[in-house]
Amino acid sequence: MGVVSTVLGFSGFGFGFTAGIVIGYYFFIYFQPTDVKDVKVRPLVEYDSNSLDGILPEIPMWVKNPDYDRIDWLNRFLELMWPYVDKAVCRMVQDIAKPIIAENTAKYKIDSVEFETLTLGSLPPTFQGMKVYVTEEKELIMEPCLKWAANPNITVVAKAYGLKATVQIVDLQVFASPRITLKPLVPTFPCFANILVSLMEKPHVDFGLKVFGADLMAIPVLYKFVQDTIKKQVASMYLWPKTLEVPIMDPSKASKRPVGILLVKVVRAQNLKKKDLLGKSDPYAKLKMSDDKLPSKKTTVKRSNLNPEWNEDFKFVVTDPENQSLEINVFDWEQVGKHERMGMNVILLKELPPEETKVLTLNLLKTMDPNDIQNEKSRGQIILEATYKPFKEEDMEKESMDGTDEVQKAPDDTPAGGGLLYVVVHEAQDLEGKHHTNPYAKIIFKGEEKKTKVIKKNRDPRWEDEFEFVCEEPPANDKMHVEVLSKAGKKGILHGKETLGYIDISLADVISNKRINEKYHLIDSKNGQIQIELQWRTS
């Protein structure tokens with residue numbers, strides 16, 4: 001009986017299994033659900049940013065938004081450097097926290113608060129892309145997209161009244177879109193004076209908070225409260241346009257802003273050696289501050305005189321009295337040909353006592369090389385009176401607080417009711433000459449003409465040349481003519497200089513706004529542009 005039951009059982013199982021497969025296959029083949037639609041395949045370019053976020057929430061910003069650049073190299077660099085960055089940041093956090101903890105433990109009668117473990121984990125932040133803004137000002141603006149899913153282990157142990165409490169932070173997530181501005185850009189390393197950080201949207205911050213081993217963030221009400229509190233606090237402090245400013249260096253020193261005035265009176269020269277074969281020389285002196293982009297200042301030419309007397313006064317702006325010097329060159333004027341140097345010397349500003357007039361008698365030298373044997377030969381002397389007048393500390397502090405874009409004052413000898421028109425020719429772009437492109441800019445204002453340096457074989461020259469025009473009255477109704485030309489090369493016999501474009505700038509806006517910094521499209525140029533900064537300075 002037992003054998004028969006076993007056989008029938010196996011037979012029934014086999015029949016039922018076979019019948020189930022046949023019936024299931026029949027339903028699968030001949031019955032179709034009515035609510036299933038065909039899949040529509042669309043290329044990604046047809047989706048907007050919001051649709052892509054729903055389909056691919058983790059897709060990098062440089063894929064979704066063409067304004068963002070891919071910066072995998074930075075992520076790779078950060079990945080390699082992260083072990084060292086982790087230790088450096090944790091050490092800095094401990095150094096900052098120590099005095100704060102010491103101050104509050106005594107205040108709240110806590111025995112001790114210390115880090116039991118402090119590490120940011122092995123996972124570095126990831127930059128999903130970066131957007132860079134180009135402005136006409138001296139600044140660099142970046143907007144990186146930051147995502148950081150970290151595995152930190154931060155454990156703080158507090159002891160008070162014989163009790164011990166342990167707080168641990170784990171599983172940190174930070175998603176943020178900060179705006180980082182480096183300004184002003186200065187010619188001193190690291191080439192920017194301040195870092196300004198602001199958030200373009202409320203950040204997402206998530207973490208686990210364990211107290212006595214229990215995760216408090218697992219409580220829904222507390223989790224939502226902490227999330228909202230963090231977002232509100234961070235947004236109230238750093239959400240754009242509010243910023244966090246991190247000073248890197250003193251902007252006044254970094255940008256070499258004026259710290260004083262050097263008054264120089266060229267009295268006379270004596271015992272000069274003549275350079276002409278027939279007759280005496282025609283001397284004049286040129287004076288220039290080192291590291292100054294402005295043209296040299298000149299005395300008048302004294303005809304046929306080896307002991308000329310000038311008694312002419314000059315003023316120079318001082319930006320770095322410890323390192324700057326006044327360069328003095330005496331030349332023999334020639335009506336035809338190159339003017340021949342008769343001698344030179346320098347005055348170190350650090351050797352001038354402030355607010356004290358010093359009479360200097362300088363020997364004219366062939367070169368400034370102390371080992372040059374030719375300097376032993378007598379070339380005459382030049383006598384000057386020099387007075388260094390530093391600005392007052394309160395004036396400099398006020399100027400520093402006003403910001404780096406503040407227009408400086410004109411010198412004291414500026415005509416009453418007038419001012420100083422300060423011009424900076426920054427750069428030009430997309431210049432194109434017919435036969436050569438060796439561009440320079442020429443400025444013509446009220447009959448006075450000034451030129452920048454020539455930059456050879458460059459369609460996008462950067463001059464950064466500065467010029468000054470003294471005005472008896474505000475030139476509100478005047479225009480300044482700026483022309484860009486290309487200088488012919490040495491073999492330019494057939495093709496002389498060419499005009500690459502010009503622009504006439506109305507000065508009414510400069511007088512009313514004190515400062516403008518704009519790019520202008522050049523007339524008679526296909527795509528050429530020139531960037532010029534204008535300032536109207538009054539005393």
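Trainee: How do you know that strand β15 and β16 pair, and how do they run?

Mentor: Happy to start there, keeping in mind that this is a predicted model. Eight bridges join β15 (residues 325–332) to β16, and the two run antiparallel. Pairing requires at least two bridges, so β15 and β16 count as paired. Within that pairing, serine 325 stands opposite leucine 348 of β16.

Trainee: What makes β13 and β16 edge strands?

Mentor: Look at the order of the open sheet, which is β13-β12-β15-β16 with antiparallel pairing. β13 (297–298) and β16 (340–348) each pair on one side only, and that makes them the edges.

Trainee: Why is tryptophan 73 called exposed?

Mentor: Its relative accessible area is 61%. Exposed means over 50%, so tryptophan 73 qualifies. This residue is found in helix α4 (residues 72–107). Together with Phe77, Leu80, Met81 and Tyr84, Trp73 makes a nonpolar surface patch of about 620 Å².

Trainee: And why is serine 304 called partly exposed?

Mentor: Serine 304 has a relative accessible area of 47%. That value lies between the 20% and 50% cut-offs, so the residue is partly exposed. Serine 304 sits in the loop between β13 and β14 (309–318).

Trainee: Where does aspartate 524 lie, and is it buried or exposed?

Mentor: Aspartate 524 is in the loop between β25 and β26. Its relative accessibility is 66%, and the cut-off for exposed is over 50%, so aspartate 524 counts as exposed. Aspartate 524 also has a positive phi, about 65 degrees, without being a glycine.

Trainee: Which residues touch the most other members of the largest nonpolar core?

Mentor: Of its 29 residues, those are Leu421, Val423, Met480, Ile530 and Leu534. Several elements supply at least two residues each, including β19 (419–429), β23 (479–486), α8 (508–513) and β26 (529–537). Leaving aside neighbours within four places in sequence, methionine 480 is in contact with residues including Val423, Ile443, Phe445, Ile503 and Leu534.

Trainee: What makes the bond between lysine 183 and proline 184 worth a look?

Mentor: It is a cis peptide bond, with omega about -15 degrees. Most peptide bonds are trans. Proline 184 is found in strand β6 (residues 178–185).

Conventions:
Residues are numbered from 1 along each chain as its sequence is written. This is a predicted model: local features need pLDDT of at least 70, side-chain atom pairs count only at pLDDT 80 or more; totals for chains, interfaces and linings use all residues. Side-chain values use heavy atoms; hydrogens and water are left out. Patches are made of residues with over 30% relative accessible area and no salt bridge: like charges are joined within 9 Å, nonpolar side chains (Val, Leu, Ile, Met, Phe, Trp, Tyr) within 5 Å. Accessible areas come from the Shrake-Rupley method with a 1.4 Å probe; for residues, only the protein chains shown count as cover. A salt bridge is a side-chain nitrogen of Lys or Arg within 4 Å of a carboxyl oxygen of Asp or Glu. Helices (H or I, at least four residues) and strands (E, at least two) are DSSP runs, numbered from the N terminus. Buried means under 20% relative accessible area, exposed over 50%, partly exposed in between (1.4 Å probe, protein chains only). A nonpolar core is a set of buried Ala, Val, Leu, Ile, Met, Phe, Trp, Tyr and Cys residues joined through side-chain atoms within 4.5 Å. Contact means heavy atoms within 4.5 Å.
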